[in-house]
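Visitor: I am new to this structure and would like to learn how to read its features. May we take them one at a time?

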Amino acid sequence: MWSQNYDPLKSPVLSTLVAAVPVVVLLGSIAAFRVRIHAAALMGLGIAAIIAAAVFHMPGKALAATTIYGAAFGLFPIGWIVLNIIFLYQLTVKQGLFDILRDNLARVAPDPRIQVILIAFSFGAFIEGVAGFGAPVAITAAILIQLGFKPLHASGLALIANTAPVAFGSLGIPITTLEQVTGLDALRISAMVGRQLPFFSLLIPFWAVAAFAGWRAMWGVWPAALTAGLAFAVPQFLVSNLHGPWLVDTLSGTCSIGALLSLLRWWQPAPFPTETSDREPTGSGPAGEPVLEQSRPRSWSPQERIRAWSPWLILTAFILIWGLPPVKRNLDRLFAPTITMPWLHNIVQRVPPVALEGAKPEPAQFRFNLLSATGTGIFLAALAAGGVMGFTPRGLARIYLESFWRIRFSLLTIAAMLALGTLTKYSGADATLGLALARTGSLYPFFGTLLGWLGVALTGSDTASNVLFGSLQRITAEQTGLSPILMTAANSSGGVMGKMVDAQSIVVASTATNWYGHEGSILRYVFFHSLALAVLMGLLVLLQAYVYPFTRMVVP
């Protein structure tokens, strides 16, 4: 058994600064020095390993096992999802179906601002509800590319839109995980998160369009943004408070899609220039850079339209089926081995104030649920879609190998990123960073929310951030006289804003848009939006902690 030490240098300031070095090196090398992201990830991992061994005194065998464990989780399920999304995307490209898809959607929602709301926000939220683990970003970014968006905008907008739904993603796993690590009732946490995120669900459609086209152009589609936001926010509040965390995104996303499509039957915005935006999007390249590459819609036969939409309709059906708990349970009964990591499982002990006194040692079991994994559903959807599109088995195999070769560095990067995040978790470096934010006195509701943001930025997952800091949030809240329900919920709600800047999600977006190697540009595009939204969430939680009538919103 090895117990973590959160102040190995006997100075909270020095320990925090040293713990932050791998993250600073990783993000700085990507954004400032434009180092290739797989090299930056390996560099950050190497520095994290040195610090874990030399500063935090993590045993060598546990360090090696942690690295392998994190890399394996990066490849499965996350890398598995990305590979198969790219496979499906390449099938549609080879057949030239994106022209038909783009023209067909242009008749329903010809304005690119509406397409951002419909695809990136509403449809992405639906996918987040049933899949998660990077699937919404990969799918919506790939569709936006097919609609003619530039890679930077397709990547960045998919990341910005994938915020408000994240806390209830994958049938509510982040919330139910908080129950497991804190001992608090998941229904109460769900209700509290449902009294924080709906404000941002209403805001995000406006925000995403403004990031794309500027605030003036955003007001040209305010009815669509308001409709999609309200149709998501209201069900999000009602379902999370009256039912629980399990179906929030699925039902809210469906309502948002239906309401927006209904609006578009009788309302369309004033024409929007498709060659250039009237204002440079925040974080984009040179002013006047083309935003879209769109041509005039032409007429297609009903058969051609069905053929163009079939890959994405088949994908949606498979993901929905694969997200059903009975389907997952039955598939897991057939094959879902659990691999216990030697030298790591139940070896690392978290200690107060990060964990409760007498907490169980950290488990380290790799669950290889190949049949029930979302990536497998996407793979089978791609095979079915390939058959509909007329590919031969040999042609499918060739394109699959081409897809694998195309994203080989992306898979390496994702593996290294997850190894880095897992290593900071098991070494205790992440908890050292978290404790620095926890020592903020009466401002803790604000900085505790940013702690959730930091957790997701480090780990790439709202679920992992809740595992990481859930107990710390409860303990600190009880010590400072705050509601533990408020602060554990704030960890998840604040965490969703960190989703757009975590390196794993950025790599997924760059890979889905065939823009690998430009992750620094994507990070610079989204960083302001991520931090600004996290600060706004922190201010809301601060009001809920101290200021009437916001205090009435806190779940008792």
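Visitor: Which helix gives the most to the lining of the largest cavity?

Guide: The general idea comes first: rolling a probe the size of a water molecule over the atoms shows where empty space is left. In this predicted model, helix H8 (169-182) contributes four residues to the lining of the largest cavity, the most of any element. H3 and H21 are also elements that each supply at least two residues there. The volume of the largest cavity is about 190 Å³. Its lining comprises 19 residues, and those closest to the centre are Glu-128, Phe-133, Ser-461, Thr-463 and Lys-499.

Visitor: How many cavities of 30 Å³ or more does the structure hold?

Guide: There are four cavities of 30 Å³ or more.

Visitor: Two of the residues closest to the centre of the largest cavity are Ser-461 and Thr-463. What is found at the start of H21?

Guide: A side-chain oxygen of Ser-461 comes within 3.1 Å of the backbone nitrogen of Thr-463 at the start of H21. Helix H21 covers residues 462-480 and bends by about 50° at Phe-469. Just after H21, Gly-481 adopts a positive phi of about 80°.

Visitor: Lys-499 was also listed for the largest cavity. Which polar atom lies 3.3 Å from the backbone oxygen of Lys-499?

Guide: That atom belongs to the side chain of Ser-505, a residue of helix H23 (residues 503-512). Leaving out residues up to four places away in sequence, Ser-505 touches Val-137, Leu-159 and Lys-499.

Visitor: Is Ser-505 buried or exposed?

Guide: The cut-off for buried is under 20% relative accessible area. Ser-505 is at 4% relative accessibility and therefore counts as buried.

Visitor: Which residues have the most contacts inside the largest nonpolar core?

Guide: They are Ile-139 and Leu-315, in a core of 187 residues. Helix H3 (residues 60-95) gives the most to this core, namely 16 residues. Apart from neighbours within four places in sequence, Leu-315 is in contact with Ile-85, Leu-88, Ile-139, Ile-378 and Ala-381.

Visitor: What should I look for in the backbone angles?

Guide: Most residues other than glycine have a negative phi, and most peptide bonds are trans. Trp-343, although not a glycine, has a positive phi of about 70°. Asn-346, likewise not a glycine, has a positive phi of about 60°. Trp-343 lies in the loop between strand E2 (338-340) and E3, and Asn-346 is placed in the loop between E2 and E3. Trp-343 counts as exposed, at 53% relative accessibility, whereas Asn-346 counts as partly exposed, at 34%.

Visitor: Where are cis peptide bonds found?

Guide: One runs from Pro-352 to Pro-353, with omega near 10°. Pro-353 is in the loop between strand E3 (348-349) and strand E4 (365-367). Another cis bond joins Tyr-548 and Pro-549, with omega about 5°. Pro-549 lies in the segment after H24.

Terms used. Residues numbered from 1 in each chain as written. Heavy atoms only, no water. Core = buried A, V, L, I, M, F, W, Y, C linked by side-chain atoms within 4.5 Å. Buried < 20%, exposed > 50% of the residue type's maximum accessible area, 1.4 Å probe, protein only. Contact = heavy atoms within 4.5 Å. Bend = angle between axes of the 7 residues up to and from the residue. Polar contact = N/O pair within 3.5 Å; in protein donor to acceptor, adjacent residues only side chain to side chain. 1 Å grid on protein atoms, 1.4 Å probe; cavity = no way out; pocket = protein on both sides within 12 Å on 5 of 7 lines; lining within 4 Å. Points joined across faces, edges and corners; volume = space filled by probe spheres on them.
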